Amino acid sequence: PHGQAHPAFGAFDLWAQRMRASGELGRGTVATYRTIWGVWIDWLGTRQRDWLQADADLVLAFLNGPSPSLHHHRAAIHPDRLANFTQQRYWRVLRAVYAQAVDAGWLGTNPVLDVDEAKRPVVLQRSRLPQLLPPTVLALLQDPQVVTACYLPKRGNAWCSLRDRAAMLVLAHCGITTSELMGLR
């Protein structure tokens, strides 16, 4: 994506600073959202459009178009379109940064809000269903007695079993990511 010198990142940075100061976004989330904003700016550049000239049609074309994979280590599941949650996430970033541009006086209206209500991305009900664990399994993993029974102490490696139990319980109760779990001390 474009570097920080690109004028479009002024609006992003104002918004991100406000969100960080209020505690609504963490540093990692800001970095991810910066990448999303950069993908949008690059996508506009391939169409010879400035970010201040965006309109509802461009927003929809971007959101309904092929996935601009942000994770170079894995391919998109559906390269011809954004995943439902991803589409919603991109929508929220664009809406928020353009709202900041309106607040700063750079734009009169937010082009993202010009998208017809019926065409705005929403998270589909099927996307809200558990995709990894059925709810009954999650409930079992949140029961310390069940987890203790699954990870019995092994001779010579009792600390490994205790670690595994603790990790399972933290994952089940807090819903943290694998990288967050690995970062715990």
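1. Let me begin with Asp55, which forms a salt bridge with Arg49; the closest N and O atoms of this pair are 3.7 Å apart. Please keep in mind throughout that this is a predicted model. With a relative accessible area of 30%, Asp55 is partly exposed.

2. How many salt bridges does a search of the whole structure find? The search gives three.

3. Another salt bridge joins Asp13 and Arg34, and here the closest N and O atoms are 2.1 Å apart. This pair links distant parts of the chain, 21 residues apart: Asp13 belongs to helix 1 (residues 8-21), while Arg34 sits in helix 2.

4. Is Glu117 buried or exposed? Glu117 has a relative accessible area of 62%, so this residue counts as exposed.

5. Now to the overall fold. The protein has nine helices and zero strands. Read from the N terminus on, the elements run α-α-α-α-α-α-α-α-α. Of the 185 residues, 29% count as buried.

6. Helix 2 (residues 27-46) packs against helix 3 (residues 56-64) at an angle of about 115°, and their axes are 11 Å apart. That angle makes helix 2 roughly perpendicular to helix 3, because the range that counts as roughly perpendicular is 65 to 115 degrees. The crossing in which helix 2 passes helix 3 is right-handed.

7. Finally, a point about the surface. Which residues make the nonpolar surface patch of about 260 Å²? Leu14, Leu52 and Trp106 do. Trp106 lies in the loop between helix 4 (84-103) and helix 5 (125-128). Its relative accessibility is 40%, which means that Trp106 counts as partly exposed.

Note on methods: Residues are numbered from 1 along each chain as its sequence is written. This is a predicted model: local features need pLDDT of at least 70, side-chain atom pairs count only at pLDDT 80 or more; totals for chains, interfaces and linings use all residues. Side-chain values use heavy atoms; hydrogens and water are left out. Patches are made of residues with over 30% relative accessible area and no salt bridge: like charges are joined within 9 Å, nonpolar side chains (Val, Leu, Ile, Met, Phe, Trp, Tyr) within 5 Å. Accessible areas come from the Shrake-Rupley method with a 1.4 Å probe; for residues, only the protein chains shown count as cover. A salt bridge is a side-chain nitrogen of Lys or Arg within 4 Å of a carboxyl oxygen of Asp or Glu. Helices (H or I, at least four residues) and strands (E, at least two) are DSSP runs, numbered from the N terminus. Buried means under 20% relative accessible area, exposed over 50%, partly exposed in between (1.4 Å probe, protein chains only). Axes are lines fitted to C-alpha atoms, for helices over the stretch in contact, and angles run from 0 to 180 degrees between N-to-C directions. Angles under 35 degrees count as roughly parallel, over 145 as roughly antiparallel, 65 to 115 as roughly perpendicular and the rest as oblique. A crossing is left-handed if the near helix is turned anticlockwise from the far one by less than a right angle, and right-handed if clockwise.
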